[in-house]
Amino acid sequence: MSDRAAAELEQSIRAALQAVPLPDGTALGQSDRLAGFSLNGGSLTTTIRITPEEAATFAPIRAAAEAALGQMSSVTRAMVVLTAERGAPPDLRAPSKPDAKPAAKPPVLPDVRHVIAVASGKGGVGKSTTTVNLALGLRALGLKVGILDADIYGPSLPTLLALHGKPRVDANRQLLPSEAHGIKAMSIGLLVDEETAMIWRGPMVMSAITQMLAEVNWGALDVLLIDMPPGTGDAQLAIAQGAPLRGAIIVSTPQDLALIDARRGITMFRKVDVPILGMVENMAHFICTDCGARHDIFGSGGAEAEAARLGVPYLGAVPLTMELRAASDRGRPVVAFEPDGVLGRVYQDIARNLVARLPA
Ligand SMILES: Nc1ncnc2c1ncn2[C@@H]1O[C@H](COP(=O)(O)OP(=O)(O)O)[C@@H](O)[C@H]1O
Ligand SMILES: [Mg+2]
């Protein structure tokens, strides 16, 4: 966006917020609390800076601001995020107790039977690839499945499922998820452009994720997989504390295991009392495109032994194949297009192993 377009956008947002009063009697439109203006398609995002103590006071102001911005002619969906700066990063060793949460909050994801985080210690290990194909594997078992892409800094669901266009909004101002191959899907990448998300600080990331959890109309689902951002920071904490997680799946490559990144992920979930449902070993061995031969580049059985050592169920191994990467890049997930191929069976086995670990 050019500087001029950005200035015009800020001006029109401020004008629309003139009618929203702050507790001190001034107009929100004139406040220096407003920051971060972005318009992506019809999806408008801005933030209001508050202190943590002001969160409750500003909840209705946030709602009024969203309603006012939603009236703007170029806007189909307005998202206003409250950002509370904190001195220190949140402490994972001291998760906030459930009774410390505001009492009036409606339940999050009430119609989803199992909310499951798919996580990894670091990026690039195949977390998103695993999430999408596992979701399709679960779907092939007859389950109703959704995917929430919470990877703020690298959302890949729009590519992997070839999703286009902005999410629509229902009569209750809830976002409607997109749908592909019988899977419901919502991505932060459909709401905010990547450059905007890149410069968000921790608290902004947390409240964006909290709103995505509370403001999407998933309908009834058996399983919602959350494609988590890599690592163990603010966003992970927002989900671990804000979503009713049944458990987490850890995706790791054989090298990743050796490099303890996966262990860090496991430790984080254990600290917030989220059970680890299992580990998926990705890029476990190489299948040669030309000869079809299997090469155990990192040896075999290492990951399974490591999972056992960590006390984590081993859900299965996905080979490194050209086919999987090419299909993913084209937005044609293998399990949807070749459910009975080698990879289709691999992911369906993993899906079955996962279901076996869920309460009936
Ligand atoms: N088993 C696999 N075989 C081949 N390529 C893979 C495999 N798993 C992932 N990839 C590729 O590796 C890259 C990173 O995978 P991705 O799922 O985006 O990782 P993450 O979500 O952990 O960052 C992508 O290009 C993806 O297509
Ligand atoms: Mg990813």
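Let's start with the interface. Domain 1 and domain 2 bury about 1,500 Å² between them, with 51% of it on carbon and sulfur atoms. Buried area here is the accessible area (1.4 Å probe) that two parts lose on being put together, summed over both. On the domain 1 side, N40, R77 and M79 lose the most area to domain 2, together 38% of what that side buries.

A word on the source. This is a predicted model, where local features need pLDDT of at least 70 and side-chain atom pairs count only at pLDDT 80 or more, while totals for chains, interfaces and linings use all residues. Residues are numbered from 1 along each chain as its sequence is written, and side-chain values use heavy atoms, leaving out hydrogens and water.

Now the domains. Domain 1 covers 3–84 and domain 2 covers 112–356; the bounds come from an automatic or database domain assignment. Their C-alpha centres lie 32 Å apart. The contact (heavy atoms within 4.5 Å) takes 19 residues from domain 1 and 16 residues from domain 2.

Next, the charged pairs. How many salt bridges cross the interface of domain 1 and domain 2? The rule finds two. That rule asks for a side-chain nitrogen of Lys or Arg within 4 Å of a carboxyl oxygen of Asp or Glu. E215 forms a salt bridge with R62, and the closest N and O atoms are 3.2 Å apart.

Last, the secondary structure, taken as DSSP runs: helices (H or I, at least four residues) and strands (E, at least two), numbered from the N terminus. Strand 1 (34–40), strand 2 (43–50), helix 2 (55–70) and strand 3 (77–84) each supply at least two residues of the domain 1 side that touches domain 2. Strand 3 gives the most, with seven residues.

Notes: Chains are lettered from A and ligands numbered from 1 in the order in which they are written.
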